[in-house]
Amino acid sequence: MIDFRSQLKDRQKILLYSILGVIWSLSNIGYVKFFGSAFAWFTLAPAIFFLKNEKNYDGVKYSTIFGFVAYLTHFWWLVVPVTGMSKTFGLPDWITPLSILLGLVIFLGLSFFSGLNYTLCYVVSKFVGKNKSFLFYFCFAISGTVFDYFYPKLWADYLGYSQYQMVNIIQSVDLFGISYVTFLIMLVNTGLAYLFETLLQYFQTEDSSKRVFNKNSFKYCIGVFLLVVITAVYGGIRYDFINSKMKVAKKVSIGIVQGNISGAEKKRKNSSEMIGTYSNLSSELLVEHPKLIVWPESAVSIWFDEEQNDFSRVRRRYSGNSLLLFGGHARRNNGPGVSSDIFNSLFLVDSNGEKIDSYYKNKLLPFIERAPARFLSFVISMMGLKEFSPGEGPVFIKHDGLKMAVNICYEALIPEYIRKSIFDKNGECANVIINCTNDSWFGKTIEPEMHLRISTIRAIENRRCLVRATCTGYSVFVDANGVIDYRSHLYKPEAHVEKVPLLEIKSFYTSHGWIFIYLLGLIFAFCFSIVALYRLYVY
């Protein structure tokens with residue numbers, strides 16, 4: 001019996017793994033809108049099936065190619081903001097080629113680094129499984145889940161996010177976080193690969209009297225199927241329960257305003273024009289008497305002193321008793337001869353323009369808001385940007401019954417950060433999550449959709465409604481089941497009011513965090529260590 005996987009030549013395999021990398025990327029969070037969540041349940045299986053048959057060195061090479069191509073397809077939009085910075089900030093023409101080169105270096109480097117995640121999965125699974133199919137496939141499922149979470153990523157694109165359309169499945173994140181959904185995806189894909197290998201071996205045996213069906217693969221698939229069914233049943237029950245809680249919960253009217261002023265336009269408009277745009281849109285909402293109106297990240301490009309309490313300059317364009325939460329910049333004076341700290345900020349002000357509270361962004365976007373290492377600070381300066389200082393966080397802001405777990409842009413991608421913002425030091429919990437974002441730097445790419453869909457999972461994990469205001473889209477109201485009740489258009493000025501249920505449900509995930517993935521990681525590390533010691537001393 002000759003396995004057809006062994007008949008492929010090197011060039012054919014390079015092409016094969018490249019195609020499989022593209023297909024796998026298309027099944028993940030960036031392209032779910034076009035291909036659907038179900039795509040992710042089987043598109044990794046072919047790559048796993050072929051990698052199982054590779055020799056050690058070849059497997060490392062092909063898994064690296066697979067991962068690199070997958071992330072090239074996934075991250076192409078990273079080039080857009082970096083290459084556009086020189087024109088946006090009016091830098092000299094000679095900077096343009098450098099910014100394009102920098103964008104390509106970041107894109108290619110990050111794609112290669114992120115793709116090594118799959119190389120690690122292969123190496124570990126090959127070491128543990130050797131020629132034993134069950135061990136290889138099961139180890140690939142576990143290692144794939146563990147590395148998906150623990151492998152350092154600039155963009156937290158966990159595999160489970162692709163399942164936002166699978167309403168019953170995605171509800172399980174309020175138990176174990178998004179990594180549990182990743183685990184289900186990995187189990188199904190490895191199960192399919194295992195079953196296909198079993199069928200291949202069975203039918204390629206020419207002598208029918210010697211054909212033996214490996215029942216282990218069938219048992220594996222049955223076990224995975226039952227786990228998926230149990231998860232879906234839980235999700236359905238939980239979905240109905242949360243719906244019942246939202247119906248009886250206290251509701252407040254909250255307005256969001258999308259001014260459709262991009263980062264580039266902010267360089268051409270003065271602050272008075274921007275305030276005027278947002279004020280006019282806000283005035284349209286006053287007939288519905290919202291308790292709070294939310295403007296997006298950096299809606300007002302003014303540097304406010306940290307001690308400043310009078311924000312009437314922002315509020316004077318429209319009347320009304322609603323609170324206003326808006327994005328701006330704060331500056332902290334550190335004394336003579338010492339450079340000031342600057343913060344990407346949110347300010348909560350009352351109807352008179354008096355500051356109630358503020359929030360300074362803690363998790364800063366690498367290469368845009370802060371260099372990932374001090375020796376790379378020149379990159380920020382070269383693009384015409386200023387480095388921000390991290391604020392203290394996570395925190396929530398409370399006033400008159402509203403207890404808001406606030407966050408800015410990139411922070412919504414960090415589930416642990418949002419989870420910690422739900423509770424304050426006294427154990428009091430937030431009743432709504434508010435995210436203010438500026439995705440205009442990425443244009444009409446897949447990034448705004450990716451960012452939106454990842455952010456919506458925070459609502460399900462913590463069972464809080466999510467209010468999201470963006471500069472150019474997508475601005476949304478998301479209920480505690482992850483259902484989008486309102487969604488703005490991309491690159492259109494819009495304003496909308498929604499009655500938002502205020503919930504203080506303590507989900508298992510919110511209370512206990514990443515128990516599942518840490519437990520799975522410990523089991524993985526323990527089993528790997530046992531196998532390693534066995535191989536070392538027995539062999």
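Buried means under 20% relative accessible area, exposed means over 50%, and partly exposed lies in between (1.4 Å probe, protein chains only). This is a predicted model, in which local features need pLDDT of at least 70 and side-chain atom pairs count only at pLDDT 80 or more, while totals for chains, interfaces and linings use all residues. Residues are numbered from 1 along each chain as its sequence is written, and side-chain values use heavy atoms, with hydrogens and water left out.

**View 1. Glu449 and Arg453 are a buried pair joined by a salt bridge.**
Let's start with two side chains, those of Glu449 and Arg453, which meet at 3.1 Å, N to O. A salt bridge here is a side-chain nitrogen of Lys or Arg within 4 Å of a carboxyl oxygen of Asp or Glu. Are these two residues buried or exposed? Both Glu449 and Arg453 are buried. They sit 4 residues apart in helix H17 (residues 447-462), a separation of about one helical turn. Helices (H or I, at least four residues) and strands (E, at least two) are DSSP runs, numbered from the N terminus.

**View 2. Lys61 and Asp10 link two helices through a salt bridge.**
How many salt bridges does a search of the whole structure find? The search finds 18, and one of them joins the side chains of Lys61 and Asp10 at 2.7 Å, N to O. Lys61 belongs to helix H4 (residues 56-75) and Asp10 to helix H1 (residues 10-26), so this pair ties together parts that are 51 residues apart in sequence. Lys61 is partly exposed at 25% relative accessibility, and Asp10 is also partly exposed, at 35%. As a general point, side chains of opposite charge can pair when their charged atoms come close.

**View 3. Glu428 meets Lys398 in a salt bridge.**
The closest N and O atoms of Glu428 and Lys398 are 2.7 Å apart. Glu428 is in the loop between helix H16 (415-421) and strand E9 (432-437), and Lys398 is in strand E7 (residues 396-399), so the pair ties together parts that are 30 residues apart in sequence. Glu428 is partly exposed, with a relative accessible area of 28%, and Lys398 is partly exposed too, with 42%.

Axes are lines fitted to C-alpha atoms, for helices over the stretch in contact, and angles run from 0 to 180 degrees between N-to-C directions. Which residues make the contact? Ser179, Tyr180 and Phe183 come from H10, and Phe516, Ile517 and Leu520 come from H19, where contact means heavy atoms within 4.5 Å. These residues divide into 5 nonpolar, 1 polar and no charged. In this scheme Ala, Val, Leu, Ile, Met, Phe, Trp, Tyr, Cys and Pro count as nonpolar, Asp, Glu, Lys and Arg as charged, and the others, Gly among them, as polar.

**View 4. An open sheet is formed by 6 strands.**
Follow the strands in the order E7-E8-E9-E10-E11-E12 and you will find mixed pairing. E7 and strand E12 (484-487) stand at the edges with a single partner strand each, so one side of each is left without a neighbour in the sheet. The twist averages 20° from one strand to the next. Two strands pair if DSSP finds at least two bridges between them; E7 and strand E8 (residues 402-408) do this in the antiparallel sense over 4 bridges. Within that pairing, Leu402 in E8 is the bridge partner of His399.

**View 5. Several loops hold backbone details worth a look.**
A cis peptide bond, with omega about 0°, joins Gly473 and Tyr474. Tyr474 is in the loop between strand E10 (466-470) and strand E11 (476-478). Cys409, although not a glycine, has a positive phi of about 50°. Its place is the loop between E8 and H16, and at 9% relative accessibility Cys409 counts as buried. Tyr491 has a positive phi as well, near 60°. Tyr491 lies in the loop between E12 and strand E13 (494-501) and is partly exposed, with a relative accessible area of 24%.
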